[in-house]
Amino acid sequence: MTLPGWTREPLVHFLLLGIALFLFFAWKGEPVDPASRTIAISQEDRARIALTWERTMQRPPTDAELDTLTETWLREEILYREALRLGLDRDDAVVRKRLANKMDFLASSIAETAQPSDQTLRDWLEAHPQRFADDTTYSFDQLYFAGKSDAAAALERVRDDGDWSGLGQVIDLPATREGVSSQAVEKQFGIAFFEALQTIEDTGEWSGPVASGFGWHLVRLRDRAVGTVPAFEDIRDRVENDWRLATLERRKQDAYQLLRDAYEVTVEK
């Protein structure tokens, strides 16, 4: 059976995931109030604790071990609620980062388990041949900045008047490269820069800011000469890994944008 095209849209998956979570919590009951000092540990809770142990230890816990695990979980829950009561979660960069990572994980978890068809992967290979041709070469200009905001400001300027002379900060990296190989780009600028370079269109327009191991760059890709692309059958696993990573990242960004659009943000400067 062929599903309609809209069922493959990542935003639809994210919304369905949200509905599933809503139904789960509706079935489970009201969310736990951190201010409450009543804690009920159900059989489902103990089963979940046992499953977490089994995944780690590769065997189910004994009754005594499960009792100990339950006590440990209870201790964490009590300390967690008291920490919330004291407001220790606020202005904590570690907690903030972990919660943000959990939201990213929710948005991308579907992509981690999805099994793309061969046709999907063949289409991906056809759309991104430069990712798989090791002898692809690049000709580009780059400007370096230590700070992302400086790079963003410079991008606006260079797009306005097209003059990039005098822009960028001093670093021991060439401003212009001609016909340089994929391996040389990755060796000189790092994997993050190289991966970003593959996503930039070779239109001669400035793009960025692009991250590297040194800082931030504005990049003008003038030419990309795609080399020999191996046969799909020889690199299927490599294509699937690349598709999965890119899909995961795109779904995280789409989910964030869905949430971001609901906020009105003002930044006082």
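My entries follow, one topic at a time.

**Ground rules.** I am reading a predicted model, in which local features need pLDDT of at least 70, side-chain atom pairs count only at pLDDT 80 or more, and totals for chains, interfaces and linings use all residues. Residues are numbered from 1 along each chain as its sequence is written, and side-chain values use heavy atoms, with hydrogens and water left out.

**Helix 9.** I took helices (H or I, at least four residues) and strands (E, at least two) as DSSP runs, numbered from the N terminus. Helix 9 covers residues 236-260. I checked its length against the expected span, which is 1.5 Å times one less than the number of residues. For 25 residues that gives 36 Å, and the end C-alpha atoms are 36 Å apart, so the two agree.

Next I looked up burial. Buried means under 20% relative accessible area, exposed means over 50%, and partly exposed is in between (1.4 Å probe, protein chains only). The buried residues of helix 9 include V239, W243, L248 and A255. T247 also lies in helix 9. T247 has a relative accessible area of 1%, so I noted it as buried. A polar atom of the T247 side chain lies 2.7 Å from the backbone oxygen of W243.

**The core.** A nonpolar core here is a set of buried Ala, Val, Leu, Ile, Met, Phe, Trp, Tyr and Cys residues joined through side-chain atoms within 4.5 Å. The largest one has 14 residues. Y138, F140, V185, F193, L197 and V219 have the most contacts inside it. Strand 1 (137-145), helix 7 (182-189), helix 8 (191-199) and strand 4 (216-225) each give two or more residues to this core. Helix 8 gives the most, with 4 residues. In soluble globular proteins, nonpolar side chains tend to be buried together.

I then followed V185. Contact means heavy atoms within 4.5 Å. Not counting residues up to four places away in sequence, V185 touches Y138, F140, V180, G190, F193, F194 and L197.

**Salt bridges.** I used this rule: a side-chain nitrogen of Lys or Arg within 4 Å of a carboxyl oxygen of Asp or Glu. The count comes to 15. Which residue does R222 meet in a salt bridge? Its partner is D141, at 3.1 Å, N to O. R222 lies in strand 4 and D141 in strand 1, so the pair ties together parts 81 residues apart in sequence. R222 is partly exposed at 30%, whereas D141 is buried at 3%.

R244 counts as buried at 15%, and E240 counts as buried at 14%. Salt bridges that share partners join D118, R236, E240 and R244 into one network.

I also found E82 with R85, at 3.2 Å between the closest N and O atoms. Both lie in helix 3 (residues 63-85), 3 residues apart. E82 is partly exposed at 27%, and R85 is partly exposed at 33%.

**P209.** P209 lies in strand 3 (residues 206-211). Its relative accessibility is 26%, so I put it down as partly exposed. P209 and F145 are 64 residues apart in sequence, but 8.9 Å apart in space, C-alpha to C-alpha. Leaving aside neighbours within four places in sequence, the contacts of P209 are K148, A151, A152, W216, H217 and L218.

Technical notes: A polar contact is a pair of N or O atoms within 3.5 Å; within protein, one must be able to donate a hydrogen and the other to accept it, and residues adjacent in sequence count only if both atoms are side-chain atoms.
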